[in-house]
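Hi everyone, thanks for coming. I'd like to walk you through a structure that may be new to you, so please have a look at the screen.

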Amino acid sequence: MKKSIFLLLTLGYVSMALIYGQKTITGVVVSADDSRALPGVTVLAKGTSAGVITDANGNYSIQVPAGVNTLVFSFVGMETREVDITNQTEINISMSPVAMDLDEVVVVGYGPRSKRDLTGSISSISGEDMQQVPTTTFESALQGKTSGVLMTSTTGKLGEAFNIRVRGTNSITASNQPLYVVDGIIIANQDFGINTNQPMNPLITLDPNDIKSIQVLKDASASAIYGSRGANGVVIITTKSGRAGQKSRIDVGYSYSTRQPTNQIEMLNAAEYLELLGEAIENVDYWGDEYYGPGDGEQAIRDYFFWPRDTADTDWQALAFKDQAISHETYLNISGGNENSAYYAGLSYSDQEGLLIKNNLKRASGRINLDHKVNRFFDVSAKVNYAQTTLDRVADDNAFATPMQLIAQAPITPAYLEDGEPNPDAIYFNSLLAERYNKSQVITSRTMGSFQANLNIIPEVLKLTSLVGVDNFHQREEERQSPKTDDGQPAGNGTWRSVANNSLQFDNYLTLNKDFGKVHSLNVIAGMSFQQEDFSIGSIQAKTYPSDAFEDMAGASENSFFTSQKTQTTFLSYFATANYKLANRYLISGSYRMDGSSRFGEDSRFGNFYSFSGGWVVSEEDFMERLPWIFFLKPKASYGMTGNASIADYSYMNLVDAWHYTTETGFYASQIGRSDLRWEKTAQLDVGMDFGFLKNRISGEFDYYLKKTSDMLLNRAIPMSNGYISILENVGEMENEGFEFVLNATPVFGNFIWNVSFNITFNENVVTQLIEPITVDQSRVEEGQPIGFFYMPEYAGVDPDNGDALYYTETGETTNDYAEAEFRNVGSPHPDYYGGFINSFSYKGVALNVFFQFVQGNEIYRFQGIYTSNNAGGLDNQTIDQMERWQEPGDITDVPQARLGEDNGGRMSSRWIEDGSYIRLKDVSLSYTLPAKISRQFYVERIKVYVSGLNLWTITDFEGWDPEVTKTGTRQSQTQLNISQGVEYYATPQARGFTFGINVTL
């Protein structure tokens, strides 16, 4: 009995000692990037099993056993932290993201994969990265931030298309744009706009605020699962969803932006114009029917323009732009969930003013994403997005009605009359009249939706997925040209055009995930996909309006043109992919897809596409323990075949079309077909390495690739005596060879975090086989050369004896006779290399992001130089450098003698070929996130304010408006657009300016 009492007393004393030795630690865990509370963080007393998880507000409270002096904080994607708790009862900490999360999950087509286990080449952009610098189009987030992806803005106008090339140009006639997949749905990305203006961007309906991540599949291993449409790369967009068990969260944001053009060209003022043009008249001794002697040139100009002295000195270029282009954007997102359901809803509205007068864009968007787990065997999800945009357009760059051609007007003519009316008597049509009286508006409505059901046949092992998706795109265009404008003379014109493109997709596939012990891991996906796309268009043109007050078509008295068209395209596909992992280090993957398309004849309707790849996680090997500084090392290689079917519907068929003239309708043969027309194929080899050093504080990847395109789809020119101008055939081959390198680093100094990311891509394009050369204006395609190289005489400068323009002949001599000059390769629009450099700094709630983008080694043909930098060969105003013209024997200059109406160096030549290389401070942003304690005093979880700058600084030798543009003419075929690149012709420069904004989380 005494022994029992003694034991009880002893146990009691021990228990009391343990209890009194414990202590309670409380605190809050937040993100070091933005001070946002982190729920779900594991807080563990080191060396014990005692642990808790932070709540939705980042709060925790833990009982720490006696003798424990360290807490361990861990969270997926964040650096694990160990904190000394000696003599402390409250620990508030911030956690920083890891340099590269090897367990990051990326979407690669029909399912997610761990980045660690990937054997393909993929570039990723997260939604968080996109929100560091607000953007109105998601494509802008890819520019310079993803290796292997070259994005070029065709113009600084709002609503117009981007050129995106993934590892180079692959085709001459088919599209070179990548495939876009949003939440598993393949969406339309072709231009649906009227062919009398430049290509439009159909993707402006996507709201960047809704995007969770973007993955770009670049090599065959990654993109072959999309088979016939994966040759140009695949852009996979995943939108945001709520999280099961997440409390309701509301995000609200507003931004205000102001924009100006990045550059304006210095033109002649009135006095300089008079001097140069007068001299040009004197040098030819005559103008029209009059002859003028020395010193009479200025008087000749006055006589022609009826221009009295000192009445006008107009800066026409300034009139093309708004003083300040103001934009507003606001969004509201709500997300959350319970144990079995999750939801996300987003609303946004943006109102953007373009740089140019009368160019504006409005967008309203709404999205609802729902996920629900019915039971452990069945779950469903539904995603719906509706967006509407209203775009006010201006005329294309080749039209006198475009604001940018105001630059050509003579500065001695006034822009407006005394009554405020735009001057109708300028030397060219005054586009200020079009700005006041014309109308061009495009209203686009787009609905994207999907419903997905997952049947977990064997939970976490075997799953059947069925997905139904739609992409309904509707666009209405209305144009009205006043009789006061050159487009509307003599009595006014009107156009009404409606386009509908409706797509239905149906996928069914099985997914098997199975681990065999701890050594073998297998992932297999097999299924089918069906897609049908219905396109229709109707267009009416009318003329003769009684008054400008009548804007609708009903006000016209005469129907001048009408047309309509319907087409249908179907794809039927069967696919399979398998990924095998041995001992967590040896990786093997393969994929196969058989595609059938109605765009090809019955004999060639189906194509087979495949890939296989392998990787070796060397860092998992035992012998690597001797190199502890190597955290991750994975060599990889892949090879595969993908295709391109981006051609017009019914391209293989002989077609007859109808045409009407006055009251009669007739038929004509519109297309000669080829029943053996088949898929364009691209074989790609990729060899690379992923690495991480010093616990992944330094990480990166590099890849070498070789792409060979064969059976190119090409509209080959044929003699017009056949009744046709071209025939679509499989002819020619092309190669792209390149190298990509990405380096990331994350130095951390306590609460100060510095993220560095650098990427660079080298690419060389060459056409290896072609029946005969193809020339489109200044651009050419021929064997042994890159697609679209500049083909024209090479300018040799000015003869110092007489001021004549000189060109090189075939023998290398110079001549002043343009007919004797040799047409040759004088430059390439393709850069030698391109990339970007990002620095992100954060300290507690302060964050600074600085992004430089660069392009090197490409040439640009400054086409408008024929008119505006042509030593007064015409009446157009000239750039200031033309004042350096030749004037007397012995002058050394590159500007020939000014001779009005004579072709002294004014024809197409390398005189206007310029280096298009540049480095640009593309984005810079500074933000401050208030501490959580302060935010909660306003009953909100998080408040972030920021200011960002766009295109603030540029270094370039290019003398045009902007090196980041390229000409895209009207009525150009896909072949012409692919060939004619790197041309500036009155193109609107990019925008430069600032954005001020606030984001609030409730």
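How many Å separate the centres of domain 1 and domain 2? Before I answer, please keep in mind that this is a predicted model. Taken over C-alpha atoms, the two centres lie 48 Å apart. Domain 1 covers residues 2-95. Domain 2 is written in several pieces: 122-242, 251-259, 323-401, 438-788, 828-862 and 917-1001.

Now to where these two domains meet. Domain 1 brings 11 residues to the contact, and domain 2 brings 16 residues. An interface is often described by the accessible area that is lost when its parts come together. Here, domain 1 and domain 2 bury about 1,100 Å² between them, and 34% of that area is on carbon and sulfur atoms. On the domain 1 side, the residues touching domain 2 divide into 2 nonpolar, 5 polar and 4 charged.

Let's move on to a sheet. This one is open, has 3 strands in the order E51-E50-E54, and shows mixed pairing. Strand E50, residues 859-862, runs parallel to E54, and 2 bridges join them. If you'd like to find that pairing on screen, look for Arg862, which stands opposite Glu984 in E54.

Next, a hairpin. Strand E44, residues 795-798, pairs with strand E45, residues 805-808, in the antiparallel sense over 3 bridges. Gly797 has Leu806 in E45 as its bridge partner. Between the strands of this hairpin there are 6 residues, and Gly803 takes a positive phi near 80°.

Finally, two backbone details. Most residues other than glycine have a negative phi, and most peptide bonds are trans. Which residue has a positive phi of about 70° although it is not a glycine? That is Asn696, in the loop between strand E34 (680-693) and strand E35 (698-710). The peptide bond between Gln489 and Pro490 is cis, with omega about 5°. You'll find Pro490 in the loop between strand E25 (462-481) and strand E26 (493-516).

Key:
Residues numbered from 1 in each chain as written. Predicted model: local features only at pLDDT ≥ 70, side-chain atom pairs only at ≥ 80, totals over all residues. Heavy atoms only, no water. Domains from an automatic or database assignment. Contact = heavy atoms within 4.5 Å. Buried area = accessible area lost by both parts, 1.4 Å probe. Nonpolar A, V, L, I, M, F, W, Y, C, P; charged D, E, K, R; others polar. Pairing = 2+ DSSP bridges. Helix = DSSP H or I, 4+ residues; strand = E, 2+ residues; numbered from the N terminus.
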